[in-house]
Each structure stands twice: as structure tokens, then as C-alpha cells.
Amino acid sequence: MNKKFITLYRHIIEQERKHPEATGELSDLLADIALACKLISLEVNRAGLIDILGFTGTENVHGEEVKKLDEFAHETLVRAMETSGHLCAIASEESENFIPVNEKYMGTRPMSHYICHFDPLYGSSNIDANISIGTIFSIYKRISSSGPGTLEDCLQKGVNQVAAGYVIYGSSTILVYTTGEGVHGFTLDPTVGEFLLFYENIKIPKKSKTYSINEGNYRRWDPRLQVFIKDLKTENEAKGRPYSLRYVGSLVADFHRNLLYGGIFIYPSDKKNVNGKLRLLYEANPLAFIIEQAGGRASDGKERILGISPKNLHQRTPLFIGSENDVLEVESYLSKSNEELGIKN
Ligand code: FDP
């Protein structure tokens, strides 16, 4: 029991020290995100008590009802981040357009300006049921050379991310992040207000026994995906079947469980959501960066998520993410013809 306590900030600084050329700006940004998420965590915990829940009567850019906690999370993150001095633009899932940072808040070294994307509160349809919800974020370096950030700065491929992470407000509040050197997890100790390291260098098992998908949409899927899921459920000891189904319906709750124990999460395109449901910039890219750092895989069924060139801020994508061999297997099903899989048209 002689384990040392390592706080999030200390961990970030220790990572930074491995790079003598680092300026500390990225570390500051991560600390700002962590602070905003502590405030959101407090509000989420208080929500049931102070009757903050309930609809505001407005809709977000996707036509979904916005709850007050979503607004609070969005505003808290924008406030914490835009005054950091290290950002030139912010893009939030709750805002139709990106938010260029006012030059008065920007430091004097343009090349040290970053872009931050976040989904302030995912899984919001679960708030009233006390199911885990959370925040997802990612950070890029700017492409433009000076002034407030541009749309082009915000529409970069996921492979350009310099950091990404998520927070889950659940039975405890946890934060998982990567800066491209492994994936590290922290739990918030509310008594001292610090995130403490619980898992350094998380690795996802290569193959799993769990799948996560909204199976109610089965009839809308590509028949080749139907065959794959049917195969996962068919008794076959040699192939480690049947798989167990685990689906919370709150993206990062499903993702986090699969990251720790192994599993594949799928939100495919289907007859209703022809481009999938999840957002490339705010959900798929940060989680794809994390999963690859943990030794897993993320694709849209054909292409690596991190290689997709975004065309607009709220672009959706199908998502197949998790244990490498499971994602490879579903990709192989999707690359076959209906005839090869014995599907009658
Ligand atoms: P929600 O609609 O509750 O905000 O990104 C949206 C998301 O939740 C994910 O968190 C979740 O994984 C998914 O949608 C659930 O969608 P379905 O209800 O269609 O399964």
C-alpha cells in the first residue's frame, strides 16, 4: 500500500518534462479543461437537488431539446477555455458555428495557439435517469498563421489531434486523456478536489467478448452487419461466441467499459441515419485517438476515423470502435458482397 498519489496536473507536467522543447501551453489547457469539468461535475451532482433539470424550450443545432445542464456545461467550458490565452478558436457540439477567440484573450505567440473541440455533455437524454453522462474534448494546433482561428483550423483530420480525453460523471467522476503517449485515467476525489491517477497506460484487450449496439435498429442495418451481429450471438466455442451485449446508450459509458474490459461499440449508418448518428469532430475523433493509443481500432466501416477529412463542423459518421480484432472482423464482413455472405436479395 505504498502507492504514490499522482494528481492529474502532476502527471501532465511529468509528461511535459519528457519534452524539453514543450512550452507548457498544452499542459495549461488540459488543466483548464479539468477545472471546467470539476465545476460541471459539481453541477451534475447537485442537479437533482436544485431542480435544475428540465427543458429550456430551445433546440440545439441538431434539433434535439437542450436541457439546462447542457447549456451550463457549454458555457462553463467556453468561459474556462477562451480566456486561457492559448486558444484561437473553439468548436462545441452545442453551437452551430465555431467560436473565434477574441484577440484580447490570445497570447502574443501565434504559433502556440490551439483549437479546442468539445461535446460539453453527451448522453443528455439520460440525465433524468441518473445514468452516466460526460464531456468529450480534443485539441489541435492551428493551421492559420495569426489572428482569431478560422473554419479551416477547426476542420482538421483527427490524426492532427495533439490531445483528447473525456470525463464521465457517474458513480464517481473520472477523466481519461491522451497526448499521444498512452492513455491515462484519473478519479476525482471530491474531498480535495483533485483528479488522482487510477490507471496509467490503459491497454484494451485485442479481442473481446462484448458488443455494444442499439439492436432495436436491426431491421434498418446493412444486411452484412446483421450477419456479423448474428454471428456474434451464435454459440461457437472456438470463436469465443456468443458475445455478451452491453449497451447503456450513453456513448462514453459504453466506450469506457469496453476500453477497460475489451469490447466493440458500433453506431452504424442505417436506413434512418444514412451517415450514422455520432459526430466526427466532437465524438468519433477524440475517442478514435484514445482507442488507437490504447492499442485498439476505430473506423467508419471502411476507413480509419482519424484519416477522414471533415467537410463541416457537425458532420456525422458511422463508428466501429474498440478491440482491434473485433473491429477488423466487422470491417471484413462489410467488405464482402451479399452473395459471399449468403444473403438473399
Ligand atoms: P444522446 O442521443 O442521448 O445524446 O451522441 C448521442 C448519443 O446519446 C450517444 O451518447 C449515445 O451513444 C447514442 O446517442 C445513443 O443513441 P440511440 O438512442 O439511438 O441508441
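Colleague: Where is S208 found?

Modeller: S208 sits in the loop between β10 (194–199) and β11 (210–212). Please keep in mind that this is a predicted model.

Colleague: Why is S208 called buried?

Modeller: Its relative accessibility is 4%. Buried means under 20%, so S208 at 4% counts as buried.

Colleague: What makes the pair S208 and D326 a polar contact?

Modeller: The side chains of S208 and D326 are joined at 2.6 Å, and the cut-off for such a pair of N or O atoms is 3.5 Å. A polar atom of the S208 side chain also lies 3.3 Å from the backbone nitrogen of T210.

Colleague: Thanks! Turning to the ligand, which residues come nearest?

Modeller: There are 13 residues around the ligand, and S125, N214, Y247, Y267 and E283 come nearest. The shell divides into 5 nonpolar, 6 polar and 2 charged residues.

Colleague: How many aromatic pairs does a search of the whole structure find?

Modeller: The search finds 6 aromatic pairs. One of them is F198 with Y199, at 6.3 Å centre to centre and 70° between the planes.

Colleague: What makes the pair of F198 and Y199 edge-to-face?

Modeller: Ring centres must lie within 6.5 Å to pair, and planes over 60 degrees apart count as edge-to-face. With 6.3 Å and 70°, F198 and Y199 form an edge-to-face pair.

Colleague: Why is the pair of F228 and Y333 edge-to-face?

Modeller: The planes of the two rings stand at 70° and their centres are 5.2 Å apart, so the pair of F228 and Y333 is edge-to-face. This pair links distant parts of the chain, with F228 in helix α5 (residues 223–233) and Y333 in helix α8 (residues 324–334), 105 residues apart. Both F228 and Y333 are buried.

Colleague: Now for the strands. What makes β6 mostly covered?

Modeller: In strand β6 (residues 133–141), 8 of the 9 residues are buried.

Colleague: How do you know that β5 and β6 pair?

Modeller: Pairing takes at least two bridges. Strand β5 (residues 114–122) is joined to β6 by 7 bridges, and the two run antiparallel. H117 stands opposite S138 in β6. Between β6 and strand β7 (residues 163–169) there are also 7 bridges, again in the antiparallel sense, and G134 stands opposite I168 in β7.

Colleague: What makes β12 and β15 edge strands?

Modeller: Five strands form an open sheet in the order β12-β11-β13-β17-β15, with mixed pairing. The strands β12 (244–245) and β15 (297–299) each pair on one side only, and they are the edge strands. Within the sheet, β13 (residues 264–267) and β17 (residues 319–322) run antiparallel with 4 bridges, and F265 has I321 in β17 as its bridge partner.

Colleague: Why is P310 called buried?

Modeller: P310 has a relative accessible area of 9%, and the limit for buried is under 20%, so P310 is buried. P310 is placed in the loop between β15 and β16 (316–317).

Colleague: And why does A253 count as buried?

Modeller: A253, in helix α6 (residues 251–261), has 14% relative accessibility, so it counts as buried.

Notes
Residues numbered from 1 in each chain as written. Predicted model: local features only at pLDDT ≥ 70, side-chain atom pairs only at ≥ 80, totals over all residues. Heavy atoms only, no water. Near = heavy atom within 4 Å. Nonpolar A, V, L, I, M, F, W, Y, C, P; charged D, E, K, R; others polar. Buried < 20%, exposed > 50% of the residue type's maximum accessible area, 1.4 Å probe, protein only. Phe/Tyr/Trp six-rings, centres within 6.5 Å; stacked < 30°, edge-to-face > 60°. Polar contact = N/O pair within 3.5 Å; in protein donor to acceptor, adjacent residues only side chain to side chain.
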